[in-house]
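Welcome! Please take a look at the structure below, and then we can walk through its strands and sheets together.

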Amino acid sequence: MSSEIKANSIQDKTGTRVLASDSGSAWSWGSGVPTGSLVLLDTDTANNTVDNYVYELSAGYLSYRVEIISLRPASDDTSIHVALGTSSSSFSTSNYRFNGYLTNYDGSSTNHTAQSNNQNFLYATSVGNDPNYGVNGSFVINNALNSAISTIGFGHISWFSTTNQLYNFPFSTARTDTETNTHFKVYTAGGNFTSGTINLYGIK
C-alpha cells in the first residue's frame with residue numbers, strides 16, 4: 001500500500017484558486033495563498049564567490065521581508081550595503097533617508113550614537129570578519145512597486161566589529177524619489193561574502 005500523494009497542483013474544491021503548482025523542476029505558490037502568508041521567494045548562501053546578491057521584488061505581494069543570517073565579508077573592518085534599483089542592473093546610490101540609533105558594547109562599556117546616511121537603503125559599518133559571527137537581522141521593504149509613493153523600510157540588524165564589539169542597530173529607511181523599485185542589491189565593500197545566508201520573503 002502506497003503512502004504517497006502525487007499531484008501537479010493543489011487547488012481549492014472549486015478548482016478556481018491554486019495554492020501551489022509544480023512546473024516540473026520546482027513548486028511555486030499560486031493566487032490561492034491566504035492573505036498574510038509569508039512566501040519564500042529567493043535564498044542565497046555565500047561561498048566566497050561574489051561580493052553582491054541581486055534580488056527581484058516579484059509582483060503580487062503587499063511587502064517584502066529580508067532575513068540576513070551570519071553574513072560575513074572576506075575583509076575585516078568593512079561595510080555592508082543595500083541599494084534599491086529600477087532594474088537588475090540600475091541601482092541608486094543617492095536620495096535615501098536612512099537613520100537609526102546604534103549602540104555598541106565591548107564587554108565593559110556601552111556607546112550610543114545616532115547614525116544617518118543618504119547613499120544607502122541600509123548601511124552597516126565596521127563589520128568584522130570573525131568566522132564565528134557575521135551580520136544578523138531582518139528588514140521590511142514596503143511600497144517598492146508603487147511608483148506614486150516612496151519605498152520605505154525598517155528593521156533591526158546586529159554584528160561584531162573588528163574590535164570585538166557587539167553592534168545593535170534598529171533603523172528606519174526610505175527612498176525619496178518616487179519610482180518603481182523592482183530590485184535590490186546586498187553588497188560589501190570588503191571583498192566577497194564568505195559565508196552566511198540571505199532569504200527574501202513576500203508577504204501576501
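Predicted model: local features only at pLDDT ≥ 70, side-chain atom pairs only at ≥ 80, totals over all residues.

## Confidence in the model

Confidence in the protein reaches its lowest mean, 57, in strand β3 (residues 27-29), while strand β5 (residues 52-56) has the highest, at 98. The average pLDDT of the protein is 89, and 84% of the residues score at least 70.

## Overall make-up

The secondary structure consists of 15 strands and zero helices. Of the 204 residues in the protein, 38% are buried. The accessible surface amounts to about 10500 Å², and carbon and sulfur atoms account for 47% of that area.

Contacts in sequence terms are also worth a look. Taking contacts between residues at least 6 apart in sequence, 70% join residues at least 24 apart.

## The eight-strand sheet

An open sheet of eight strands runs in the order β4-β15-β6-β11-β12-β13-β8-β9, with antiparallel pairing. At its edges are β4 (38-45) and β9 (110-117), each of which pairs on one side only. From one strand to the next, the twist averages 15°.

Within this sheet, strand β8 (residues 98-105) pairs with β13 in the antiparallel sense, over five bridges. Threonine 103, for example, has asparagine 168 of β13 as its bridge partner.

## The four-strand sheet

Another open sheet has four strands in the order β5-β14-β7-β10, again with antiparallel pairing. Here β5 and β10 (122-127) stand at the edges with a single partner strand each, so one side of each has no neighbour in the sheet. The twist in this sheet averages 10° from one strand to the next.

Strand β7 (residues 78-85) pairs with β10 through four bridges, in the antiparallel sense. Among the residues involved, threonine 78 has valine 127 in β10 as its bridge partner.

## A closer look at threonine 173

What surrounds threonine 173? Setting aside neighbours within four places in sequence, threonine 173 is in contact with Arg97, Phe98, Asn120, Phe121, Thr151, Ile152, Gly153 and Phe154. With phenylalanine 121 there is also a polar detail: a polar atom of the threonine 173 side chain lies 2.6 Å from the backbone oxygen of phenylalanine 121.

Terms used:
Residues numbered from 1 in each chain as written. Heavy atoms only, no water. Helix = DSSP H or I, 4+ residues; strand = E, 2+ residues; numbered from the N terminus. Buried < 20%, exposed > 50% of the residue type's maximum accessible area, 1.4 Å probe, protein only. Contact = heavy atoms within 4.5 Å. Areas by Shrake-Rupley, 256 points an atom, 1.4 Å probe, with all protein chains shown as cover. pLDDT = per-residue confidence, 0-100. Pairing = 2+ DSSP bridges. Axes fitted to C-alpha atoms, helices over the stretch in contact; angles between N-to-C directions. Polar contact = N/O pair within 3.5 Å; in protein donor to acceptor, adjacent residues only side chain to side chain.
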